[in-house]
Amino acid sequence: MLIRTPADLGAVIRDRRKRLKLDQSSLAKQIGVSRQWVIEIEHGHPRAELALVLRALDALGIPVDAGDQQKTSRGPARSGVDINAIVTKAKKGKT
């Protein structure tokens, strides 16, 4: 699954932050934003500044890959984060 909405991206960020055992304040300090910004991005705020989103993804070790999903120049696509599972889990938590 591709990240298609701000809510999908927020779910991935929240899941990785929790897996790394970071609280929102620690992540905010690491990337130079407020805790409120982290809360908003995790809730799918659609107007977050791209530079800050990319900084958050980098801080959490979440790769951004715009390459071909089926095959890269280095060989077969690498397995990574199961985004489907993360988004499904996040959606179940909202109901």
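A surface patch, as the term is used here, is made of residues with over 30% relative accessible area and no salt bridge, and nonpolar side chains are joined into one within 5 Å. In this predicted model, Leu50, Leu54 and Val64 make a nonpolar surface patch of about 310 Å².

**Overall fold**

The protein has five helices and two strands, which follow one another along the sequence in the pattern α-α-α-α-β-β-α. Of its 95 residues, 34% count as buried.

**Val64**

Val64 lies in the loop between α4 (50–59) and β1 (71–72). Because exposed means over 50% relative accessible area, Val64, at 61%, counts as exposed.

**The second largest pocket**

The three patch residues Leu50, Leu54 and Val64 are also among the residues that line the second largest pocket. This pocket has a volume of about 160 Å³. At least two lining residues are supplied by each of α1 (6–19) and α4, and the largest share, four residues, comes from α4. The lining is divided by residue class as follows.

| Class of lining residue | Number of residues |
|---|---|
| Nonpolar | ten residues |
| Polar | one residue |

Conventions: Residues numbered from 1 in each chain as written. Predicted model: local features only at pLDDT ≥ 70, side-chain atom pairs only at ≥ 80, totals over all residues. Heavy atoms only, no water. Patch = residues over 30% accessible without salt bridge, like charges linked within 9 Å, V, L, I, M, F, W, Y side chains within 5 Å. Areas by Shrake-Rupley, 256 points an atom, 1.4 Å probe, with all protein chains shown as cover. Salt bridge = Lys/Arg side-chain N within 4 Å of Asp/Glu carboxyl O. Buried < 20%, exposed > 50% of the residue type's maximum accessible area, 1.4 Å probe, protein only. 1 Å grid on protein atoms, 1.4 Å probe; cavity = no way out; pocket = protein on both sides within 12 Å on 5 of 7 lines; lining within 4 Å. Points joined across faces, edges and corners; volume = space filled by probe spheres on them. Nonpolar A, V, L, I, M, F, W, Y, C, P; charged D, E, K, R; others polar.
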